[in-house]
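Please examine the sequence and the structure shown below.

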Amino acid sequence: AAADAPTAGADARADVARAVARVLGIDRVDLDRSFVELGGDSLSHVQASVRLEAVVGPLPRGWHHRPLGELADGRAAEGRRRLRTVETPVLLRALAAVAICGSHAGLFDAQGGAHILLAVAGASTARFALSAPTVLGRWRATLRILIGIVVPAVAVALFGMLATGRYDWSNVLLSHWIVRAPGERATLGEMWFVEALVASLVVLAAVLSAPRVARAWRRDPWLVSAAIAAVALVPRFLLPLVEPEPQGLLPGLLWLVAAGAAAAHAETPVRRAVTIALAAVGGATFFADDPLRSATIVAGIVVLVLVPVVRLPLWAVPAVAVLAAASLHIYLIQFLVLSLLEPDALETAAALAAGVLLWWLADRPVRRLQDLVIPTVR
């Protein structure tokens, strides 16, 4: 048995290297470096976490900052597992994608998924891009994520404008939230989620660039995240006084992204309770005329705070992983698909499939563009 150990260890290391190489599209993986150091980010983490969990078993907290060789050396006994551990943000992304498409198609009514995705994005950004030790490092990592978001969003908006007239230049420039006007056609507001996400990430990176805030962030990222969320609750409550539909505007949404960032670093019972309290204050009346939608948003953040991982049947993991990885692209393309088909179930399935296809086509070219614009030293 002892003689078999080195071979087993070598197999584990080879499997880990192969999984990461496949996700990041690179030829050589240095196992002395972490997933983040190799260029992994919040957009690629979904695939990486699922593939690595299949290889090494349940991943430790903060695995993305550990040398990959440590993950291989800690490989769990494989056995015949009927259940697989999946990080909660992965499941939330997949469920939100299905809920968004199904609700927009009229198949069912489960609204609030896009707002939960903003909190999940805040948590993922805090764990990845904003975890860099320097201001420059945080900007570089944030810009890589922004490229991954903006490129497919602009492509879809441009296609929608030229081919169908559904969108306008304000959508292509992801700035419609600034210029929107009463009485305009509803389709112009469909990109609100991406516009709010991009603007929120820029704002967070900018706030963390202030010297005092940057020093505080290095000492205690939860405290800074919670403070930003608390401050962002002020415009969240003031905006409805002057804007009839504030739920799609950056000033009314930044608190969600910041609450997600706080959730990523809430490691004690008190901090988890405070984070949930912030979410409850911000979300309880967010949709005053739709308490169920408000409650869904708060519940999503509570799950994000309290449940770091979930156990899923082995057969469900591949579908969850693909839907989670493609969640942004599903959101982007759904509106161009939903109006083409009937009945509602077929519309929903087609929108999900189109989003997965868009993700599959765009993922590798966008990653090459990220490496071209902001190279990662590998």
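The model is predicted. Its largest pocket has a volume of about 840 Å³, and its largest cavity one of about 340 Å³. Helices H6 and H9 pack at an angle of about 170°, and helix H12 is mostly covered.

**Largest pocket**

- The volume of the largest pocket is about 840 Å³, and 32 residues form its lining.
- Nearest the centre of this pocket lie Arg 180, Gly 189, Trp 192, Glu 245 and Gly 248.
- Two or more lining residues come from each of helix H4 (88–105), helix H5 (113–127) and helix H16 (327–338).
- Helix H4 gives the most to the lining of the largest pocket, namely four residues.
- Sorted by class, the lining of the largest pocket comprises 14 nonpolar, eleven polar and seven charged residues.

**Second largest pocket**

- The second largest pocket holds about 560 Å³ of space.
- Its lining consists of 31 residues, and those closest to the centre are Arg 61, Glu 87, Arg 127, Ala 264 and Pro 308.
- At least two lining residues each are supplied by helix H2 (45–56), strand E1 (83–87), H4, H5, helix H12 (254–264) and helix H14 (291–306).
- The lining of the second largest pocket divides by class into 17 nonpolar, eight polar and six charged residues.

**Enclosed cavities**

- The largest cavity has a volume of about 340 Å³ and is lined by 26 residues.
- Leu 43, Arg 93, Ile 149, Ala 325 and Leu 328 are the lining residues nearest the centre of the largest cavity.
- The elements with two or more residues in the lining of the largest cavity are H5, H6, H9, helix H15 (317–325), H16 and helix H17 (344–373).
- Helix H17 gives the most to this lining, with six residues.
- By class, the lining of the largest cavity has 16 nonpolar, seven polar and three charged residues.
- The second largest cavity has a volume of about 50 Å³.
- The residues that line the second largest cavity are His 176, Trp 177, Arg 180, Leu 188, Gly 189, Met 191, Trp 192, Glu 195 and Gly 248.
- Helix H8 (176–179) and H9 are the elements that give two or more residues to the lining of the second largest cavity.
- Four nonpolar, three polar and two charged residues make up the lining of the second largest cavity.
- Arg 180, Gly 189, Trp 192 and Gly 248 line the second largest cavity; these residues are also among those nearest the centre of the largest pocket.

**Packing of H6 against H9**

- Helix H6 (residues 135–164) and helix H9 (residues 192–207) pack at an angle of about 170°, and their axes are 11 Å apart.
- Angles over 145 degrees count as roughly antiparallel, and H6 and H9 are therefore roughly antiparallel to each other.
- On the H6 side, the contact involves Trp 139, Thr 142, Ile 145, Leu 146, Ile 149, Val 150 and Ala 153.
- On the H9 side, the contact involves Val 194, Leu 197, Val 198, Leu 201, Val 202, Ala 205 and Ala 206.
- The residues of the contact between H6 and H9 comprise 13 nonpolar, one polar and no charged.
- Ile 149, part of this contact, is also one of the residues nearest the centre of the largest cavity.

- Eleven of the eleven residues of H12 are buried.
- Among the buried residues of H12 are Leu 254, Trp 255, Leu 256 and Val 257.
- The buried residues of H12 pack against H5, H9, helix H11 (221–238), helix H13 (269–283) and H14.
- His 265 is located in the loop between H12 and H13.
- The relative accessible area of His 265 is 18%, so this residue is buried, the cut-off being under 20%.
- Not counting residues up to four places away in sequence, His 265 touches Ala 126, Trp 217, Pro 221 and Trp 222.

**Backbone at Leu 174**

- Leu 174 occupies the loop between helix H7 (169–172) and H8.
- Phi of Leu 174 is near 50°, which is a positive value in a residue other than glycine.
- With a relative accessible area of 11%, Leu 174 is buried.

Technical notes: Residues are numbered from 1 along each chain as its sequence is written. This is a predicted model: local features need pLDDT of at least 70, side-chain atom pairs count only at pLDDT 80 or more; totals for chains, interfaces and linings use all residues. Side-chain values use heavy atoms; hydrogens and water are left out. Axes are lines fitted to C-alpha atoms, for helices over the stretch in contact, and angles run from 0 to 180 degrees between N-to-C directions. Angles under 35 degrees count as roughly parallel, over 145 as roughly antiparallel, 65 to 115 as roughly perpendicular and the rest as oblique. Contact means heavy atoms within 4.5 Å. Ala, Val, Leu, Ile, Met, Phe, Trp, Tyr, Cys and Pro count as nonpolar, Asp, Glu, Lys and Arg as charged, and the others, Gly among them, as polar. On a 1 Å grid over the protein atoms alone, a cavity is a set of points where a 1.4 Å probe fits but cannot get out, and a pocket is an open set with protein on both sides within 12 Å along at least five of seven lines; lining residues have an atom within 4 Å of a point. Grid points are joined across faces, edges and corners, and a volume is the space filled by probe spheres set on the points. Buried means under 20% relative accessible area, exposed over 50%, partly exposed in between (1.4 Å probe, protein chains only).
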